[in-house]
Each structure stands twice: as C-alpha cells, then as structure tokens.
Amino acid sequence: MTAVAHEPTTPAEGLLEIFMSLDTPEGFRAELIEGEIVVTPPPDGEHEKYISRIVRQVIKHSRTDMDLSGNKGLRLKSGGACPKNHAIPDVTFAPVESDLFGGADSWMPCEGVAMVLEVTSTKPQTDREAKRRCYARGGIPLYLLADRETSQVTLFSDPRQDDYREHCTRPFGKPLTLPEPFAFELDTTDFI
C-alpha cells in the first residue's frame with residue numbers, strides 16, 4: 001500500500017500547513033496573522049520591563065486572582081479567506097479558578113481568556129492593527145497595548161466582529177483603569 005500525502009485544498013489550508021511546519025530559531029516566534037506569517041526576534045530588555053511592570057500590578061492588585069502565560073499560542077477566528085489566525089500575545093491572563101492553561105495544547109482556543117497584553121516591538125503596526133482585529137474576532141474581552149513608540153497605553157474593550165468598539169488611551173505616566181475582573185488603576189509612571 002502506498003501512502004499519499006495530503007494535498008491542501010485551498011491556499012489558506014496550504015499556508016496553515018506551511019506555518020505549522022515552521023522550525024524557528026531559538027528565541028524567535030512565528031505567528032500567522034491575517035494570512036501573513038510573522039516571525040519576530042527575541043525581545044529587548046525594555047520590552048520585558050514593561051511586561052514585568054504590568055504583570056506585577058495585575059498579580060498584586062487584581063480583584064480576581066489571575067493566572068498568566070507568557071507567549072501562549074492562541075487560535076483565533078480568521079478574517080475573509082485567511083486561515084485561522086495563530087497569535088502569541090506577550091501575556092495572556094485568565095482567572096485562576098478557570099485553570100485555562102492546565103492541560104492546554106501549544107495552540108489553544110481563546111475562550112475564557114480575560115485579557116491579552118502586547119508591548120510594541122519590531123512590528124508595532126501588527127500590534128496596533130492586525131493583532132487587535134484578531135483578538136476582537138476571538139471575542140477576547142480586553143486587549144491592553146503598551147505602545148513604546150507613541151509612549152501611550154491603550155485598553156481596547158467591547159469586541160464586535162472585526163474590532164473593539166471601545167478604547168481608552170493614556171500617555172505613559174497617567175493611570176489607566178482596568179475594569180472587572182481586574183478592577184484597579186494601572187500605574188504607568190514606571191513606563192517613562
């Protein structure tokens with residue numbers, strides 16, 4: 001008997017197969033965002049500083065105890081003829097009581113995620129636009145973006161179809177209110 005390799009039936013399926021077979025160099029990460037394979041190098045120290053400052057505050061001040069995962073792969077709905085998006089937020093937050101990460105595959109569904117965090121790095125437009133749309137399509141309630149280039153932090157909320165209907169932007173140095181289940185003021189003075 002001869003084994004026959006599976007042939008992709010659509011360009012989107014072919015792109016997804018290519019993406020899933022990638023072997024990225026150590027420290028790099030690959031994502032499939034709106035039909036484009038995006039490979040990013042390891043982050044710099046400033047990028048990690050912003051993540052650390054935010055994570056510490058969430059752990060210390062959040063009304064709901066949160067689990068978090070750095071660089072957790074999420075499968076998200078696609079837009080148009082693109083394959084399903086595969087995004088890796090800098091941090092994914094979920095209530096501890098949901099045990100969302102326990103037993104999860106490398107690429108997990110986004111149901112139950114409370115918030116994702118991105119800190120801009122080498123491709124800030126991807127974080128500002130394409131990833132924002134992906135997270136909204138996935139129904140992730142909150143998307144927190146720390147934009148180092150513009151020195152602002154933005155909280156996107158109320159996801160509807162391809163985007164978030166609400167957003168609140170504050171310059172670094174000003175507090176930003178995180179709603180339930182977090183329910184605290186994010187201090188951004190350390191970001192300056």
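Modeller: Happy to! Let us start with a term: a residue is buried when its relative accessible area is under 20%, exposed when that is over 50%, and partly exposed in between, using a 1.4 Å probe and protein chains only. By that rule K131, with 1% relative accessibility, counts as buried, and K131 will be our spot.

Some ground rules come before the details. This is a predicted model, in which local features need pLDDT of at least 70 and side-chain atom pairs count only at pLDDT 80 or more, while totals for chains, interfaces and linings use all residues. Residues are numbered from 1 along each chain as its sequence is written, and side-chain values use heavy atoms, with hydrogens and water left out.

K131 is found in helix α3. Helices (H or I, at least four residues) and strands (E, at least two) are DSSP runs, numbered from the N terminus. Two side chains meet that of K131 in polar contacts: E31 at 2.7 Å and E118 at 2.7 Å. Such a contact is a pair of N or O atoms within 3.5 Å; within protein, one must be able to donate a hydrogen and the other to accept it, and residues adjacent in sequence count only if both atoms are side-chain atoms. Leaving aside residues up to four places away in sequence, K131 touches R29, E31, I33, A87, I88, P89, E118, T126 and Y143, where contact means heavy atoms within 4.5 Å.

Now follow one partner, E118. Its place is in strand β8, and at 0% relative accessibility E118 counts as buried. Beyond residues up to four places away in sequence, the contacts of E118 include R29, D127, Y135 and Y143.

β1 pairs with strand β2 (residues 36-40) in the antiparallel sense over 5 bridges; two strands pair if DSSP finds at least two bridges between them. L32 stands opposite I37 in β2. The two strands make a hairpin with 2 residues between them, and E34 in the turn has a positive phi of about 50°.

Let us step back to the sheet. Here 6 strands form an open sheet with mixed pairing, in the order β3-β6-β8-β9-β10-β11. β3 (66-70) and β11 (163-171) are the edge strands, each pairing on one side only. β3 pairs with strand β6 (residues 91-95) in the antiparallel sense over 5 bridges, and S69 stands opposite T92 in β6. Helix α2 (residues 45-61) lies across β3, β6, β8 (115-119) and β9 (142-147), running at about 155° to β8.

Notes
Axes fitted to C-alpha atoms, helices over the stretch in contact; angles between N-to-C directions.
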